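Please keep the sequence and the structure in view while reading.

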Amino acid sequence: MTITRLLPALFALALLATGCESGNTNSATDTSAALCGQCGQIKASADCCKKDVKPCAGCDLAKGSPGCCKMKKGEDTTLCTGCGQIKGSDQCCSKEAPKCEGCKLHKGSPGCCKLTQ
């Protein structure tokens, strides 16, 4: 058998071993993303606590951040990477919630189109 015939099988095995969440901001086994209580962005991301970012008039977090108007300033919050909602909330992983066509998380959730799957 030639190497070119083995490559597709090896690639498929590599995908199975790493899991489909390997491109996530967290490890494949982690099911959460921490939001910074000071700015509302995903902790340790390039946007976290950036200077010269406009604060939201309603919540004083970074305008347009995942936590904007969805969390309390000064308190770190955790998002579920499976649905995009605040982890442990009533909405977290609700089966009835409509899914976003772009990111497949709950439509309108704090993580909607802001968490990488």
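Is H106 buried or exposed? With a relative accessible area of 2%, H106 is buried, where buried means under 20% relative accessible area, exposed means over 50%, and partly exposed lies in between (1.4 Å probe, protein chains only).

This is a predicted model, in which local features need pLDDT of at least 70 and side-chain atom pairs count only at pLDDT 80 or more, while totals for chains, interfaces and linings use all residues. Residues are numbered from 1 along each chain as its sequence is written, and side-chain values use heavy atoms, with hydrogens and water left out.

**The chain as a whole**

The protein chain has 1 helix and 2 strands, and read along the sequence these follow the pattern α-β-β; helices (H or I, at least four residues) and strands (E, at least two) are DSSP runs, numbered from the N terminus. Of its 117 residues, 32% count as buried. The protein chain exposes about 7700 Å², of which carbon and sulfur atoms supply 57%, the areas coming from the Shrake-Rupley method with a 1.4 Å probe, and for residues only the protein chains shown count as cover. Among the contacts (heavy atoms within 4.5 Å) with a separation of 6 or more, 45% are made by residues 24 or more positions apart.

Not counting residues up to four places away in sequence, H106 touches C83, Q85, Q91, C93, S94, A97, P98, C100 and C112. A polar atom of the H106 side chain lies 3.2 Å from the backbone oxygen of S94.

K107 also lies in the segment after β2, but at 59% relative accessibility K107 counts as exposed. With residues up to four places away in sequence set aside, K107 touches P98, K99, C100 and C112. The C-alpha atoms of K107 and G84 are separated by 8.6 Å, although the two residues are 23 residues apart along the chain.

**Cysteines and the nonpolar core**

A disulfide is a pair of cysteine sulfur atoms within 2.5 Å, and by this rule the count comes to 0 disulfides.

In soluble globular proteins, nonpolar side chains tend to be buried together. Here the largest nonpolar core has 14 residues, and those with the most contacts inside it are L35, C59, C103 and L115; such a core is a set of buried Ala, Val, Leu, Ile, Met, Phe, Trp, Tyr and Cys residues joined through side-chain atoms within 4.5 Å. Leaving aside its neighbours within four places in sequence, C59 is in contact with C68, C69 and K73.

**Salt bridges**

Side chains of opposite charge can pair when their charged atoms come close. A search of the whole structure finds 4 salt bridges, a salt bridge being a side-chain nitrogen of Lys or Arg within 4 Å of a carboxyl oxygen of Asp or Glu. The table gives some of them.

| Lys | Asp | N to O distance |
|---|---|---|
| K43 | D76 | 2.4 Å |
| K50 | D47 | 3.5 Å |
| K73 | D60 | 3.4 Å |

In the pair of K43 and D76, both residues lie in the loop between β1 (32–35) and β2, so the pair ties together parts that are 33 residues apart in sequence. K43 is partly exposed, with a relative accessible area of 37%, and D76 is partly exposed too, with a relative accessible area of 46%.

The pair of K73 and D60 links distant parts of the chain, with both residues in the loop between β1 and β2 and 13 residues apart. K73 counts as partly exposed at 36% relative accessibility, and D60 counts as partly exposed at 41%.

For the pair of K50 and D47, K50 counts as partly exposed at 48% relative accessibility, and D47 counts as partly exposed at 37%.

Terms used
Polar contact = N/O pair within 3.5 Å; in protein donor to acceptor, adjacent residues only side chain to side chain.
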